[in-house]
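Reader: Hi! Could you walk me through this model, helices and ring contacts included?
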Amino acid sequence: MARFQDFVRAEPEHFGGEADMLVHPKGSLQDPLGVLLHYPTPTTTSELRNGETGDRGSSCPQRIFEKGVTGSGCLWLDTYVRRAKVPDRTDRDAGYVVPTDTWPEAQRTIHEDFSNYVLESSKTKVFQCHHQ
């Protein structure tokens with residue numbers, strides 16, 4: 001996906017962080033089924049760097065696989081594609097809900113614009129969304 005490569009160059013340049021912590025969509029824009037997740041975590045994955053959405057080692061995709069959705073014929077996408085630490089109990093008690101809460105608005109926007117581009121460009125008929 002050429003647009004993702006452009007995103008991988010632009011996002012770290014503007015906001016810092018490592019490009020290999022950006023997780024690329026899995027599947028094809030032609031797939032009839034899609035799964036939209038919130039953000040990838042660094043603690044529940046089998047591929048920390050240069051990973052892809054729909055990683056069987058990650059807890060959210062695992063739950064979806066257990067329900068019978070397979071990786072085949074399915075477009076997997078995160079709204080926010082940068083791996084981010086899951087908040088611990090102290091952070092949640094302080095009102096910190098998800099890592100993207102601390103991002104500048106422009107960083108959230110560039111991620112949302114990319115995921116919207118993928119959604120609008122895809123031929124996917126049904127999307128299953130999993131957000132917090």
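Author: Happy to; we can go through the helices and then the ring contacts. This is a predicted model, where local features need pLDDT of at least 70, side-chain atom pairs count only at pLDDT 80 or more, and totals for chains, interfaces and linings use all residues. Residues are numbered from 1 along each chain as its sequence is written, and side-chain values use heavy atoms, with hydrogens and water left out.

Reader: Great. How many residues does helix H4 have, and how far does H4 reach?
Author: H4 covers residues 105-121, which is 17 residues, and spans 24 Å from first to last C-alpha, close to the expected 24 Å. That expectation is 1.5 Å times one less than the number of residues. Helices here are DSSP runs of H or I with at least four residues, strands are E runs of at least two, and both are numbered from the N terminus.

Reader: Which residues of H4 are buried?
Author: Gln107, His111, Phe114, Ser115 and Val118. Buried means under 20% relative accessible area, exposed over 50%, and partly exposed in between, with a 1.4 Å probe and protein chains only. They cover an arc of only 90 degrees around the axis, so they sit on the same side of H4. The arc is taken from the directions from the helix axis to the C-beta atoms. On the other side of H4, Glu105 and Glu120 are exposed.

Reader: And what covers those buried residues of H4?
Author: The cover includes helix H1 (2-15) and strand E2 (74-78). Take Gln107, which is buried because its relative accessible area is 7%. Gln107 touches Glu11, Phe15 and Arg82, leaving aside residues up to four places away in sequence; contact means heavy atoms within 4.5 Å. The C-alpha atoms of Gln107 and Glu11 are 7.5 Å apart, although 96 residues separate the two along the chain.

Reader: Nice. Switching to rings: how many aromatic pairs are there?
Author: Four. Rings of Phe, Tyr and Trp (its six-membered ring) pair if their centres lie within 6.5 Å; planes under 30 degrees apart count as stacked, over 60 as edge-to-face and the rest as tilted. One of the pairs is Phe7 with Phe114, stacked at 5.1 Å centre to centre with 25 degrees between the planes. That pair links helix H1 to helix H4, across 107 residues.

Reader: Which residues do ring pairs link into a cluster?
Author: Phe4, Phe7 and Phe114.

Reader: Last one: which residues are buried in helix H2?
Author: In H2 (residues 59-66), Pro61, Ile64 and Phe65 are buried. They fall within an arc of 100 degrees seen down the axis, so they line one face of H2. The face turned away carries the exposed Arg63 and Glu66. Just after H2, Gly68 takes a positive phi of about 105 degrees.
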